[in-house]
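Here is a short briefing on helix packing, salt bridges and a surface patch. Please read it alongside the sequence and the structure.

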Amino acid sequence: MMTVKDLFKLSLTKNFSVVAGYNGLQKKIACVGIMDYEYSEGFQLMRKEAFEPYSLVLSSLLFANQKPELLIRTIKELIKLKVSALAYKAVIYEDLPGDVLQFANEQNFPILRFGGDEYFEDVIFEVMTSIKSIENDLFLQNIMRCLIEDEVSESQLQSFLRQMNKPFEEYVFTANIRTIQTQNSKWTTPFLQFQSFLKPGIVCTYKNSVLILFTDKSEKLQFPKLLKEWMDLYGISTDGLIIGYGQVHQTHTGLHQAVREAYYARVIASMETKPIVSMRI
């Protein structure tokens, strides 16, 4: 789930500033909309073009040019529509009136300000890309939990494979990685970049670790060597990392076994303070 606070982690929105509603920064963002029209019929246009719940609404506040009395009314309507936050570009208003900020604070409704070279379309693209990435990671985490913790039937495994919708090859290789520097929450980011070229495989986070699944036509693939090459490519040091590897399995019959082996190999490696463990269960 993406929150308003998460916007400040993105490259395009990291310099947005919070001008009101600090206590509402944990609100969920599920989509993005634009509000840049004149109110020719009061607020009927907003109701006709209602924003989805949990929206981030972008606006230049053109509709309120020389009409500051519309701002509080607008916020009230956005709150009714369960909008999560308003982000305005400081072109019509550099600063919002004090009564508007006070009302937003009372309602815990976040108002963000931006005024650089950000185009609405670029903001929408980056935020929606991040939302989809978070949703996909949560989807994969749930599948990995089932593969590791549950008894998986053949039909369930085939269902999982279809849902993941990947061009998997015949044999699967797995690794589970965790860092001993648990206070650094960003250590997983370079690994997640593997997904851009890992078409016959998957990278996702799972319980403060990274799971990597890779498939190949040959069961002779030297996966640890290949993983090390990927890590070198992205400048990832093995210092402070604990890695568990599963044995090679046939993808369509043993994917769950491979994932479990990698996960529990890493758990054992952590207990034994070893950097790398391979196992079969």
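**Salt bridges and helix packing**

Lysine 80 is exposed, with a relative accessibility of 62%. The model it belongs to is predicted. Its salt-bridge partner is glutamate 77, which is buried at 10% relative accessibility. Both residues sit in helix H2.

- The closest N and O atoms of lysine 80 and glutamate 77 are 3.7 Å apart.
- That pair falls within the 4 Å limit for a salt bridge.
- Lysine 80 and glutamate 77 are three residues apart in H2, so about one helical turn separates them.
- In an α-helix there are 3.6 residues a turn, so residues three or four places apart point the same way.
- Glutamate 77 is under the 20% cut-off for buried, whereas lysine 80 is over the 50% cut-off for exposed.

**Other salt bridges**
- Six salt bridges are found in a search of the whole structure.
- One of them, listed by its residues, joins aspartate 232 to lysine 228, with the closest N and O atoms 2.8 Å apart.
- Aspartate 232 and lysine 228 lie four residues apart in helix H7 (residues 223-233), about one helical turn.
- Aspartate 232 is partly exposed at 47% relative accessibility, and lysine 228 is partly exposed at 37%.
- Aspartate 150 pairs with arginine 145, the closest N and O atoms being 3.8 Å apart.
- Aspartate 150 is partly exposed at 29%, and arginine 145 is partly exposed at 31%.

**Helix H2 and its packing on H3**
- H2 spans residues 69-80 and packs with H3 at an angle of about 20 degrees.
- The axes of H2 and H3 are 9 Å apart.
- An angle under 35 degrees counts as roughly parallel, so H2 and H3 are roughly parallel to each other.
- The H2 and H3 crossing is right-handed.
- Buried residues of H2 include Leu70, Leu71, Ile72, Ile75 and Leu78.
- Thr74 and Glu77 of H2 are buried too.
- Lysine 82 follows H2 and has a positive phi, near 65 degrees.

**Nonpolar surface patch**
- Leu62, Val91 and Ile92 make a nonpolar surface patch of about 230 Å².
- Isoleucine 92 lies in the loop between strand S6 (85-89) and helix H3 (98-106).
- Isoleucine 92 is partly exposed, with a relative accessible area of 31%.
- Patch residues need over 30% relative accessible area, so isoleucine 92 passes that cut-off at 31%.

Key. Residues are numbered from 1 along each chain as its sequence is written. This is a predicted model: local features need pLDDT of at least 70, side-chain atom pairs count only at pLDDT 80 or more; totals for chains, interfaces and linings use all residues. Side-chain values use heavy atoms; hydrogens and water are left out. Patches are made of residues with over 30% relative accessible area and no salt bridge: like charges are joined within 9 Å, nonpolar side chains (Val, Leu, Ile, Met, Phe, Trp, Tyr) within 5 Å. Accessible areas come from the Shrake-Rupley method with a 1.4 Å probe; for residues, only the protein chains shown count as cover. A salt bridge is a side-chain nitrogen of Lys or Arg within 4 Å of a carboxyl oxygen of Asp or Glu. Helices (H or I, at least four residues) and strands (E, at least two) are DSSP runs, numbered from the N terminus. Buried means under 20% relative accessible area, exposed over 50%, partly exposed in between (1.4 Å probe, protein chains only). Axes are lines fitted to C-alpha atoms, for helices over the stretch in contact, and angles run from 0 to 180 degrees between N-to-C directions. Angles under 35 degrees count as roughly parallel, over 145 as roughly antiparallel, 65 to 115 as roughly perpendicular and the rest as oblique. A crossing is left-handed if the near helix is turned anticlockwise from the far one by less than a right angle, and right-handed if clockwise.
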